[in-house]
Amino acid sequence: QKHLTTKEIGKNIIHFNSIDSTNSYAKGIADKTPSGTLIISEEQLSGRGRLGREWESPKGDGIWMTLILKPKFPPSEGGKLTQIAAASVWQGINKVLGLKSLIKWPNDIVINGKKVCGILTEMSAELNQLHYLIVGIGINVNNEAFHNTIADKATSLFLEKGEKINRRALLCEILNAFELLYDSFVKEGTLKESLNICRNNSAILGKEVIIQQGANQAKAKAVDITEEGLLEVLTEEGKKTEILTGEVSIRGE
Ligand code: BT5
């Protein structure tokens, strides 16, 4: 079994049997907690997705966790942590479990078109100073089924692999990978290695997609993920633009 080999990430772990949301809890303690602290819970009673959406987090089935980070960079860089997190989860799933997952920009990991992981990065900043970042990661590991509302679009590592997965070993792999990618980002200021993974294993690059931002919908072709972690698309009018965030679905699927 793999062990945790990190210096900072996950060296301080706070483990719950049950909690409302690891992201919400992390926010409450981040100011007085060292960078790299991991909050993890067996279940979340009100796990959160983006824009106030719900994240189904049943007991014992998943990895429901949040990392508290305090890097010394401007708040504008914060969103890049989602790409780093996606790249590290991808490594854990593909390299260790041998499953073929793809990264669906900006914050999903999918297997056979179904969502197996979602990431929610939040931050606290004032003027141009970052207080802390919290990176919430939800991975469906041993779930045998999902509620009706998401049954057709969610999957778990167990359902895809056909055998129960050791959550601890997978967690260690993901944290080890995260620290390497995060360190190189902090030292070099570029997302290079994470972007390589996100680009080479993308569920959407090269495809016709529909981008939903609020009430607006636009058809486009996903072209690249930029050095800033944004999605570059070619619009139907033939114009290249960069997308900061949004819902992306693949046209015709
Ligand atoms: C996300 O939001 O994908 C971010 C999810 C982050 C969850 C982690 S768990 C630890 C930490 N603590 C928290 O409270 N949150 C973080 P979004 O892209 O908005 O997707 C949310 C949508 O995914 C929902 O509206 C459902 O349609 C679907 N969904 C809900 N639960 C799911 C699950 N377990 N697996 C797959 N899809 C799910």
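Strand 6 is the top contributor to the lining of the second largest pocket, giving five residues. Bear in mind that this is a predicted model, where local features need pLDDT of at least 70, side-chain atom pairs count only at pLDDT 80 or more, and totals for chains, interfaces and linings use all residues. Numbering starts from 1 along each chain as its sequence is written, and side-chain values use heavy atoms, with hydrogens and water left out.

**The pocket**
- The second largest pocket holds about 460 Å³ of space (the space filled by probe spheres set on grid points joined across faces, edges and corners).
- A pocket here is an open set of points on a 1 Å grid over the protein atoms alone, where a 1.4 Å probe fits, with protein on both sides within 12 Å along at least five of seven lines; lining residues have an atom within 4 Å of a point.
- Its lining has 21 residues, and Gly79, Lys80, Thr82, Leu244 and Thr245 sit nearest the centre.

- The axes of helix 2 and helix 4 (residues 167-188) come within 8 Å and cross at roughly 140°; axes are lines fitted to C-alpha atoms over the stretch in contact, and angles run from 0 to 180 degrees between N-to-C directions.

- Trp105 and Pro106 are joined by a cis peptide bond, with omega about 0°.
- Leu51 isn't a glycine, yet has a positive phi of about 55°.

Notes: Helices (H or I, at least four residues) and strands (E, at least two) are DSSP runs, numbered from the N terminus.
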